[in-house]
Amino acid sequence: DHMDLPTIARLWERDQPRIIAPLGNDTIIRAQAPAIPIGTMDWGNRLEVAPGLHVSMQPAYHWSARATNDRNHALWAAFVILGAGRSVYFAGDTGFGGGRHFQTTAARHPNLDVALLPIGAYEPRWFMASNHMNPSDAVRAFRILRARSALGYHWGTFKLTDEGIDQPVHDLGIALKKEGIPARRFTALRPGQVWTTGQGAGSSA
């Protein structure tokens with residue numbers, strides 16, 4: 001989410017992936033690597049990236065900046081990937097912010113199969129709430145999205161903020177229990193962990 005430009009350039013040189021970015025981010029990437037073709041989208045746009053495979057760009061609650069004088073000069077976004085009759089929502093880096101962006105996504109994309117939701121880097125709340133969800137926020141987002149399953153990420157690799165590195169897993173368990181949601185439906189994925197489609201699937205939240 002912090003758009004490491006040298007890494008993007010190396011990935012392009014090695015694999016030449018199809019890159020779809022929110023508006024304004026194409027300019028940032030091309031400043032580092034002018035030869036990379038970038039597809040850009042606005043919130044609510046949908047693009048067919050391969051036969052039967054679509055990407056839909058959705059709103060997120062965050063801000064963008066590369067320096068001290070360019071706050072919100074580029075768009076921040078989440079994505080829904082649709083193909084083979086399945087749908088995956090990737091929230092990116094987002095705060096809860098009242099949940100309106102999740103409501104918008106749920107209205108556009110009902111019956112999501114999987115929601116990828118951030119659950120880490122959330123303390124102290126006075127500072128982090130506008131940038132990052134905590135596990136309780138993520139569970140609320142899961143309910144709004146009405147996805148069949150959820151996967152938690154954005155935790156466990158580095159200790160970025162005040163909570164313990166394993167605290168998100170503990171707090172997620174508490175939040176799920178409080179909301180009466182079976183733990184199997186929302187898995188906190190550890191770095192490198194593989195999750196197979198169908199694991200934890202259940203009725204809508």
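This section describes the sheet, the helix packing and selected local features of a predicted model. Residues are numbered from 1 along each chain as its sequence is written, and side-chain values use heavy atoms, with hydrogens and water left out. Because the model is predicted, local features need pLDDT of at least 70 and side-chain atom pairs count only at pLDDT 80 or more, whereas totals for chains, interfaces and linings use all residues.

Helices (H or I, at least four residues) and strands (E, at least two) are DSSP runs numbered from the N terminus. Seven strands form an open sheet of mixed pairing, in the order β3-β4-β5-β6-β7-β8-β9; two strands are taken to pair if DSSP finds at least two bridges between them. The edge strands, each of which pairs on one side only, are β3 (46-50) and β9 (186-188). From one strand to the next, the twist averages 20°. Strand β8 (residues 149-153) runs parallel to β9 and is joined to β9 by three bridges. Within this part of the sheet, Gly152 stands opposite Ala188 of β9.

Angles run from 0 to 180 degrees between N-to-C directions, and axes are lines fitted to C-alpha atoms, for helices over the stretch in contact. Helix α3 (residues 100-108) lies across β4 (53-58), β5 (78-83), β6 (86-90) and β7 (114-118), and runs at about 150° to β4. Helix α5 also packs on the sheet, where α5 touches β6, β7, β8 and β9 and makes about 155° with the direction of β7.

A crossing is left-handed if the near helix is turned anticlockwise from the far one by less than a right angle, and right-handed if clockwise. For residue classes, Ala, Val, Leu, Ile, Met, Phe, Trp, Tyr, Cys and Pro count as nonpolar, Asp, Glu, Lys and Arg as charged, and the others, Gly among them, as polar.

The axes of α3 and α5 are 8 Å apart at an angle of about 30°, and the two helices are therefore roughly parallel to each other. Their crossing is right-handed. Phe102, Gln103, Thr105 and Ala106 of α3 make the contact with Ala141, Ile144 and Leu145 of α5. Five of these residues are nonpolar, two are polar and none is charged.

Helix α5 (residues 135-145) also packs with helix α6 (residues 167-179), at an angle of about 45° and with the axes 8 Å apart. The pair is therefore oblique, and α5 passes α6 in a right-handed crossing. On the α5 side the contact involves Pro135, Ser136, Val139 and Arg143, and on the α6 side Pro168, Asp171, Leu172, Ala175, Leu176 and Glu179. By class, the contact of α5 with α6 comprises six nonpolar, one polar and three charged residues.

Helix α1 (residues 5-15) packs with α2 at an angle of about 75°, their axes being 9 Å apart; α1 and α2 are therefore roughly perpendicular to each other. Leu5, Pro6 and Ile8 of α1 meet Ile28, Ile29 and Gln32 of α2. This contact has five nonpolar residues, one polar residue and no charged residues.

A salt bridge is a side-chain nitrogen of Lys or Arg within 4 Å of a carboxyl oxygen of Asp or Glu, and by this rule the count is six. One of them links Asp26 with Arg30, whose closest N and O atoms are 3.3 Å apart. Because Asp26 and Arg30 are four residues apart in helix α2 (residues 25-32), about one helical turn separates them.

Two backbone features lie in loops. Most residues other than glycine have a negative phi, and most peptide bonds are trans. Ala84, in the loop between β5 and β6, has a positive phi near 55°. Glu123 and Pro124 are joined by a cis peptide bond with omega of about 0°, and Pro124 lies in the loop between β7 and α4 (125-128).

Technical notes. Angles under 35 degrees count as roughly parallel, over 145 as roughly antiparallel, 65 to 115 as roughly perpendicular and the rest as oblique. Contact means heavy atoms within 4.5 Å.
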